[in-house]
Amino acid sequence: MQYDNGGELLVAHLESLGIDTVFGIVSVHNLPLVEAVDRHLRFVPVRHEATAVNAADGYGRARGSIGCALTSTGTGAGNAAGSLIEALSAGTAVLHVTGQVESEYLGSGRGFIHETKDQLGMLSAVSTYAATVTSARDAGRVLREASAAALATPGGPASVEWPIDLQYAAQQDAGEAVPSGGAPSPDAAELAAAQALLAKSRRPLIWAGGGARHARQELAALLEATGAGLIGSNSGRGSVPEDHPLVIGNFGTNPAVRALLADADVLVTIGTHFRSNETADYNLKLPEAHIQIDADAAALGRVYPARHALHGDAAAVLPSLTGAAVRADADWSARVTAVRTEVRAALHDDIGPQAALCDALAAALPRGAVVARDVTIPSSSWGNRLLPIHDPRANVFPRGGGIGQGLGMGIGAALARPDEPTVVIAGDGGLAVHFGELLTVAQERPRLTLIVFNDGGYGVLRNMQDKYGERRSGVDLFTPDFGPLAAACALPYARIAAPEEAAPVLEAALASDGPTLVEVDLTALGPMKNPFTPPVKIPTA
């Protein structure tokens with residue numbers, strides 16, 4: 001195929017991936033790419049390169065596929081690095097295309113405008129794949145290789161740097177296919193042993209991580225066949241809808257769930273990292289009879305020993321276990337359902353007046369609608385556990401724990417699914433990281449409800465310092481008056497200052513066909529019963 005320039009080639013490639021919206025910032029070093037995308041697709045001019053990647057990430061997660069971000073070279077690519085780290089941590093598919101200086105001067109170190117030292121090395125460190133376009137004949141191949149790497153397992157962001165002269169050049173693309181690496185397959189003896197173990201189990205549990213997102217039907221079949229309880233890491237939420245009576249959810253460190261783990265005679269884990277914040281800094285005890293399934297060989301036995309390590313894709317491996325499974329004891333399944341009810345009721349009570357917001361969102365949101373959650377107390381306490389998730393594509397949050405990324409992810413998700421409402425849960429501190437993206441929301445008018453929980457600073461760290469220290473440092477911040485701020489950005493505004501206001505305000509915002517900024521005045525609303533602190537170790541005298 002012949003293309004007038006690199007931009008036309010990029011558009012053809014994006015169309016082959018089903019991408020209709022691209023996020024980025026225009027620059028002299030990506031102008032042909034931006035102009036072509038804007039002609040044929042939808043180009044969303046975000047206000048910071050980090051948001052371009054976060055929005056592309058959220059777009060891909062909400063669609064269950066891949067998103068694309070365009071940035072400039074040097075500082076622009078560097079600004080994107082933090083968000084690439086998030087996509088790498090989450091294993092989510094992002095195609096990041098960044099400019100580069102003219103190929104004649106590439107690597108010369110002479111100080112060409114926007115040039116940086118070893119940009120490819122920087123991108124390699126924060127991407128699952130990184131490459132440079134070296135001629136007008138290999139750009140198509142590089143784009144296909146990058147996208148395939150991003151979509152493979154375990155996946156992650158793929159970065160392509162493209163010298164500006166080669167972007168302007170006419171492109172010749174041979175269209176060669178990218179070789180497939182093939183899916184891993186578990187050792188036959190290990191699989192047979194795992195089947196035998198599960199066939200004898202009467203008190204089984206399942207732990208679903210992010211690797212279960214693409215094995216929803218297979219996981220549901222195993223759950224029904226066994227009557228096991230399903231514990232989910234945050235990344236695995238929604239793999240089975242959370243209103244299922246056997247879904248305990250993201251409550252692994254709760255005392256009642258710990259007791260279940262202690263009494264279980266087998267645990268099947270699927271595609272999970274066993275993150276420190278979900279295992280009480282690795283102090284959570286798991287059953288010795290542990291069957292671990294993961295497509296990433298490096299993950300097998302990395303955190304917890306696995307009696308039977310099954311290297312393979314969950315969708316391919318789970319049916320073999322389901323065929324060998326027997327039903328759990330009836331009193332075990334009944335106990336699982338009772339624990340499910342117990343942990344939810346306890347958390348609902350513990351969050352005090354914020355329970356009204358959780359209830360209102362659960363009632364007003366269409367089933368499967370995206371809830372993008374930044375790192376903030378409401379997200380970490382109840383948004384990541386109690387607010388129900390019924391579809392893994394609705395479960396959008398920074399898995400690496402970085403603050404300030406939720407709004408960008410929500411923008412991407414909202415534009416990926418324009419016919420239904422999207423919610424972003426953010427704190428005033430996290431939102432301040434990227435205040436400029438309020439202008440993106442105002443310009444693009446997505447159907448997005450931004451709920452800002454305003455406590456005048458970094459509430460999580462404030463609670464930690466109040467609990468463990470004698471003074472506060474760096475946690476109390478000046479907070480804007482959100483009403484005039486919303487007005488300045490041409491955004492509708494509402495405020496929640498009492499529990500009874502939650503339902504009518506959120507119902508109206510979610511019914512809107514455009515954006516709304518909703519401020520939750522936490523001082524007026526009142527405190528939780530117990531101040532939330534993150535599950536990290538703090539050495540004390």
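Author: Buried means under 20% relative accessible area, exposed over 50%, and partly exposed in between (1.4 Å probe, protein chains only). This is a predicted model in which local features need pLDDT of at least 70 and side-chain atom pairs count only at pLDDT 80 or more, while totals for chains, interfaces and linings use all residues. Residues are numbered from 1 along each chain as its sequence is written, and side-chain values use heavy atoms, with hydrogens and water left out.

Reader: How many salt bridges does the structure hold?

Author: A pair counts when a side-chain nitrogen of Lys or Arg is within 4 Å of a carboxyl oxygen of Asp or Glu. For this structure, the number of salt bridges is 21.

Reader: Which residue forms a salt bridge with R216?

Author: R216 lies in helix α9, residues 216–226; helices (H or I, at least four residues) and strands (E, at least two) are DSSP runs numbered from the N terminus. The closest N and O atoms of the pair are 3.5 Å apart. The partner of R216 is D391.

Reader: How many residues apart in sequence are the parts that R216 and D391 tie together?

Author: D391 is in the loop between α14 (377–383) and β16 (395–396), whereas R216 belongs to helix α9. The pair therefore ties together parts whose separation in sequence is 175 residues.

Reader: Are R237 and E242 buried or exposed?

Author: The side chains of R237 and E242 meet in a salt bridge, at 2.7 Å from N to O. R237 and E242 both count as buried.

Reader: What is the relative accessibility of R417, and does it count as buried or exposed?

Author: R417 forms a salt bridge with E420, and the closest N and O atoms are 2.7 Å apart. E420 has 22% relative accessibility and so counts as partly exposed. For R417 the relative accessibility is 15%, so R417 counts as buried.
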